[in-house]
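Please keep the sequence and the coordinates at hand while reading.

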Amino acid sequence: MSKRFFVEEMDGDLPMAGREITAETPEEAVARVISDAVVTEDWEASADEKWVRVTDSERGTIYRFQIPVKTAD
């Protein structure tokens with residue numbers, strides 16, 4: 001069953017963009033916005049770090065997804 005999630009692209013503590021996504025899981029919702037974001041458990045965003053906050057619109061549960069830093073090869 002699909003749920004509604006509010007997905008926000010964050011820069012530190014500031015939301016930069018957000019939209020509502022219908023998906024089965026928060027992982028699916030974030031993948032529709034940023035494909036390489038990864039779920040993290042004990043991670044805290046630094047003041048200048050970009051990350052994604054996904055809120056379950058029904059339950060209010062918040063999920064945090066880290067965006068891996070891209071490095072030049």
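Asp11 stands opposite Leu14 in E2, where strands (E, at least two residues) and helices (H or I, at least four residues) are DSSP runs numbered from the N terminus. The model is a predicted one, in which local features need pLDDT of at least 70 and side-chain atom pairs count only at pLDDT 80 or more, while totals for chains, interfaces and linings use all residues. Residues are numbered from 1 along each chain as its sequence is written, and side-chain values use heavy atoms, with hydrogens and water left out.

E1 and E2 pair in the antiparallel sense over nine bridges, pairing being assigned if DSSP finds at least two bridges between two strands. Lys3 has Ala23 as its bridge partner in E2. The hairpin of E1 and E2 has two residues between the strands, and Gly12 there takes a positive phi near 65 degrees.

## Pairing of E1 with E4

E1 also pairs with E4, again in the antiparallel sense, over seven bridges. Within this pairing, Phe5 has Asp56 as its bridge partner in E4. In a regular strand, side chains alternate between the two faces of the sheet.

A search of the whole structure finds six salt bridges, each defined by a side-chain nitrogen of Lys or Arg within 4 Å of a carboxyl oxygen of Asp or Glu. One of them joins the side chains of Lys3 and Asp56, at 3.8 Å from N to O. This pair links distant parts of the chain, with Lys3 in strand E1 and Asp56 in strand E4 (residues 50-56), 53 residues apart. Lys3 counts as partly exposed because its relative accessibility is 29%, whereas Asp56 is buried, with a relative accessible area of 2%; buried means under 20% relative accessible area, exposed over 50%, and partly exposed in between, with a 1.4 Å probe and protein chains only.

Glu9 and Arg19 form another salt bridge, in which the closest N and O atoms are 3.2 Å apart. This pair too links distant parts of the chain, Glu9 being in strand E1 and Arg19 in strand E2 (residues 14-23), ten residues apart. Both partners count as partly exposed, Glu9 at 26% relative accessibility and Arg19 at 38%.

## The surroundings of Glu8

Which residues is Glu8 in contact with, leaving aside its neighbours within four places in sequence? They are Pro15, Ala17, Gly18, Trp51, Val52 and Arg53, contact meaning heavy atoms within 4.5 Å. Glu8 itself lies in strand E1 (residues 3-11).

With Arg53, Glu8 forms a salt bridge whose closest N and O atoms are 2.9 Å apart. Glu8 lies in strand E1 and Arg53 in strand E4, so the pair ties together parts that are 45 residues apart in sequence. Glu8 counts as buried because its relative accessibility is 11%, while Arg53 is partly exposed, with a relative accessible area of 22%.
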